[in-house]
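Biologist: Hi! Could you walk me through this one while I have it open?
Modeller: Happy to, here it is.

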Amino acid sequence: MDLDSFFDDLRRRVLGRPVTFRRLAANTLLIYIDNEPGDGTGVTFWINPVWHVREPGQVLAGSRQAQVDDEEEFYRLGERLDVLLGLTVQDVTIEPGTFDLTLALSGGYLVKTFVAQAARDESWHIRDNTTGSRLSGSPQGLRIVSHG
Amino acid sequence: MTAESALFTELRSKALGQTVTLAKIDERTLLLFIDSQPGDDRGVMFGFEPAWHVREPGRVLTGSIDTQFEDEDPEAEERIRRLESLLGALLGRTVEDVAVEPETFDLTLALSGGYVVKTFVADATDEETWRIQDNASGSVLSGSPEGLSVL
């Protein structure tokens, strides 16, 4: 499958579907659509720094806030992101030139990446949990990584 | 019109059509001098705090993580010099637009030839994301996720 078809397929599968789980793995934000960790179904967005989450009118949180040693502060940040649970995916777009990802959710919420390092290996990936294949974005472009 | 938006309009008008005369990295801050050099009492200076990036047509040229080094990295100075050399691509370019994004108050500076400098909020509690200084009057407009302020 080519890049465009794979992206279109992943996008179609998530449109209108709800966020069912969220996780912070250090400062990487994972957003699960129609699945929870280990389910082997649905689609998961892995959002590497730099990213932020917007609610209507303001930024709710950003990736630098997840770079903390204080466990309580890290936990509180995760709790703030619980507002995403149950929201549905309205759109998934990739910006030309930077290959940054924007995930638009219901209620005016947005999750956005931002390239802050030209040679970065991966800014984000979208994983099809059924096959294990993923679409990976970096400042260099898009690529499909099969299974794993 | 608020004092903040009045100062933004004034600074934007001073920068439009003027050229980038110096691009410098100070710690992790990107400084762009417009029609001026450090210490001059004319022109405008833009300061971009992390996260920021510089785009050339079709790709990202460099970003604020490229300025992040380990303490006492022996190659830090050389790497900064290489980055500033890359930023040499901005010199002589004219300012085509200065825009502030609603909601995040991120700043975009559009330069001739399709070059763009942008900030991005990576911490909702940051006190300053960017600043624009009028070198003649010393007035400073500062942007943060909370909004604009005159310093």
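Modeller: A term first: two residues are in contact if their C-beta atoms, placed from the backbone, lie within 7 Å. Also, please keep in mind that this is a predicted model.

Biologist: Thanks! With that in mind, which residues does Leu32(B) touch?
Modeller: Leaving aside residues up to four places away in sequence, Leu32(B) touches Val20(B), Ala23(B), Phe46(B), Leu90(B) and Val117(B).

Biologist: And which residues touch the most other members of the largest nonpolar core?
Modeller: Leu32(B) is one of them, along with Ile31(A) and Leu103(A). That core holds 64 residues. As background, nonpolar side chains tend to be buried together in soluble globular proteins.

Biologist: Let's zoom out. How many helices and strands are there in chain B?
Modeller: Chain B has two helices and eleven strands. Along the sequence they follow the pattern α-β-β-β-β-β-α-β-β-β-β-β-β.

Biologist: How compact is chain B?
Modeller: Chain B is as compact as a globular protein of its length, because its radius of gyration is 15 Å, close to the 15 Å that the globule rule gives for 151 residues. The C-alpha trace spans about 50 × 35 × 35 Å along its principal axes, and 40% of the residues in chain B are buried.

Biologist: Now the sheet. In what order do the six strands of chain B come?
Modeller: The order is 1-2-3-9-10-11, in an open sheet with antiparallel pairing. Strand 1 (20-26) and strand 11 (147-150) of chain B are at the edges with a single partner strand each, so one side of each has no neighbour in the sheet. On average, neighbouring strands are turned by 15° against each other, direction ignored.

Biologist: How many bridges join strand 3 to strand 9 of chain B?
Modeller: Five, between residues 44-48 and residues 130-134, with the two strands antiparallel. One pair to look at is Gly47(B) with its bridge partner Arg131(B) in strand 9.

Biologist: Where does helix 1 of chain B lie?
Modeller: Helix 1 (residues 3-15) lies across strands 2, 3, 9, 10 and 11 of chain B, and runs at about 85° to strand 11.

Biologist: Last topic: how many residues of chain B are in contact with chain A?
Modeller: 21 residues of chain B, which meet 20 residues of chain A. Strand 4 (52-56) and strand 5 (59-63) of chain B each give two or more residues to that side, and strand 5 has the largest share with five residues.

Biologist: What kinds of residues are on that side of chain B?
Modeller: They divide into ten nonpolar, six polar and five charged.

How values were computed. Residues numbered from 1 in each chain as written. Chains lettered and ligands numbered in written order. Predicted model: local features only at pLDDT ≥ 70, side-chain atom pairs only at ≥ 80, totals over all residues. Helix = DSSP H or I, 4+ residues; strand = E, 2+ residues; numbered from the N terminus. Nonpolar A, V, L, I, M, F, W, Y, C, P; charged D, E, K, R; others polar. Rg over C-alpha atoms; globule rule 2.2 N^0.38 Å. Buried ≥ 20, exposed ≤ 12 C-beta atoms within 10 Å, placed from the backbone. Core = buried A, V, L, I, M, F, W, Y, C linked by C-beta atoms within 7 Å. Pairing = 2+ DSSP bridges. Axes fitted to C-alpha atoms, helices over the stretch in contact; angles between N-to-C directions.
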